[in-house]
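Here are some notes for a colleague who wants to go through this structure with the atoms at hand. They take up a few separate places, one at a time.

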Amino acid sequence: MATFPFEIKARDGAARTGVLETPRGDIRTPAFMPVGTAATVKAMYMDQVEQAGADIILGNTYHLMLRPGAERVKKLGGLHAFSGWKGPMLTDSGGFQVWSLSQLRKMDKEGVTFRSHIDGSEHRLTPARSIEIQADLLGADISMQLDECTDFPCSHEEALRSLDLSLDWGQKSLDAFGAREKQTLFGIVQGSNFADLRERSAKGVVSQGFGGIALGGLAVGEGHDQMCETIDMTMPHLPDGLPRYVMGVGKPIDLVESVARGIDMFDCVLPTRAGRHGQAWTWDGPINLKNAKFAEDLSPLDEAVPCPASNDYSRAYLHHLMKAGEYLGAMVLSWHNTAFFQALMADLRAQIAAGTFAARREELSLRWDKTKSVPRTAS
C-alpha cells in the first residue's frame, strides 16, 4: 500500500501546515474537503469547487453503491471521469450511513446487512466489499476502512465492543486493499468519549500501518466542547508523520479549534446544506438570507472572500431568490459557503506559516460562538 508523502512545512504550537502529495495533485493542509455525496457537490459545478480553492473532495460509498451502482460507475470510467473532478478524491467507507439506518440494518462480526432507503432492496457491506467499491470500482485516491460508529452517548462496554470490532475490520480492510502504488487507505480511531478507549483504539490503528489516521465517532451530537476533549485525549497517541483527519466536522469554530490541536483534514456537508436553506457563513458569523432585514440590503455577502458569489450578488437579491424559491439562490449561497470554508483554510495555513495562528484563533473565537458541532448527514 502506498503511503503518500506528507511534508509538514510549518508549526505554530500544535497547529501545523503542510502538503500531502498524491498522484492526482497536492493537498494543502489544513484542508477542508467539500462533500460530493452522489458524485456531485450539491448545487455546484466542479470547476466552481476547484476555483473556490478545494484541492480534494469526498465521495459517498453508501449512496453511490445504491445509485447509480458502483459497478456502473466503474463501467463509465470511475468516479473521477464520471463526475468530472480531476483532483484527488477521498471516499468514506459507507459505515456512517449504515450506522444511521438503525431500523434498516443488521450487524454481525463480518459486516452489516441493510436495506436501501431508496427501494428497500437488501445489500451486504463487509470490509472487503467496502474496499472493492472504494478503491476498485469508484477509484478513490484515499479510501477509508469500514468501521462501526457508536451512538453518543454510549456505555464504556458498548464503546469497547465497537472499537474492537472496528480494529478487526481495519485489518480486514488492509488485507483486502493489499499493495497499491497510487492509492492509500486511512484507518479510523473510535472509542466514544472514553480516554482509555481512545488510547486503545489509536494505538491499535497506528500499529496496523495505515496511510493516514481519522478520528471517527465525532459530529454525532456530542457538541463542540466534548469534540475538543475527545481530540485532546486522542492526539498524544497519534504519530506526527501521518495526516490526521476528523470526519464530519464541522462549523468554522470547530475547524479552528481542531487545527489548533493538530488536525490536518476535514469534511462536512455544512457549506452546501446551509446554502440550500438560505444560510451564508461570513467572517462575522452566519447570516440567514431569508430574514426580512436583508430585503433592501445592497451589500455583498462578504467582500473579504475571493469569490464571485461572495462579491457580485447583493444580500437583497439573494433574499429575493430564497423567498421566491429560485434555484439560483441555493446555488450562489452554496458557492459562497464553499469559498468561505476554503478561504478559512487558506487563512489558517498562512497564519501557521507566519507564526500568528494563536492570535488569529483568539480573534476568531471572539467573533464566533462555540455552538454545537453539526451532526453528520449524507447530503
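Predicted model: local features only at pLDDT ≥ 70, side-chain atom pairs only at ≥ 80, totals over all residues.

1. D147 is placed in the loop that runs between the strand β10 (142–144) and the helix α7 (156–177). With a relative accessibility of 8%, D147 counts as buried because the cut-off for that label is under 20%.

2. As to its partners, the side chain of D147 forms a polar contact with the side chain of Q190, at 2.6 Å. Leaving aside residues up to four places away in sequence, D147 touches S93, G95, S166, W169, I188 and Q190.

3. How many disulfides does a search of the whole structure find? The search finds zero; C228, for instance, is in no disulfide, and the nearest cysteine sulfur, which belongs to C268, is 15 Å away. C307 is likewise in no disulfide, the nearest cysteine sulfur being that of C268 at 19 Å.

4. Both of these cysteines can also be described by their accessibility: C228 is buried, with a relative accessible area of 5%, and C307 counts as buried at 6% relative accessibility.

5. Helix α14 covers residues 327–354, which makes 28 residues, and spans 41 Å from its first C-alpha to its last, a value close to the 40 Å expected at 1.5 Å a residue. This helix, α14, is mostly covered, in that 21 of its 28 residues are buried, and the residue that follows α14 is G355, which has a positive phi near 75°.

Conventions: Residues numbered from 1 in each chain as written. Heavy atoms only, no water. Helix = DSSP H or I, 4+ residues; strand = E, 2+ residues; numbered from the N terminus. Buried < 20%, exposed > 50% of the residue type's maximum accessible area, 1.4 Å probe, protein only. Polar contact = N/O pair within 3.5 Å; in protein donor to acceptor, adjacent residues only side chain to side chain. Contact = heavy atoms within 4.5 Å. Disulfide = S-S within 2.5 Å. Expected span 1.5 Å × (residues − 1).
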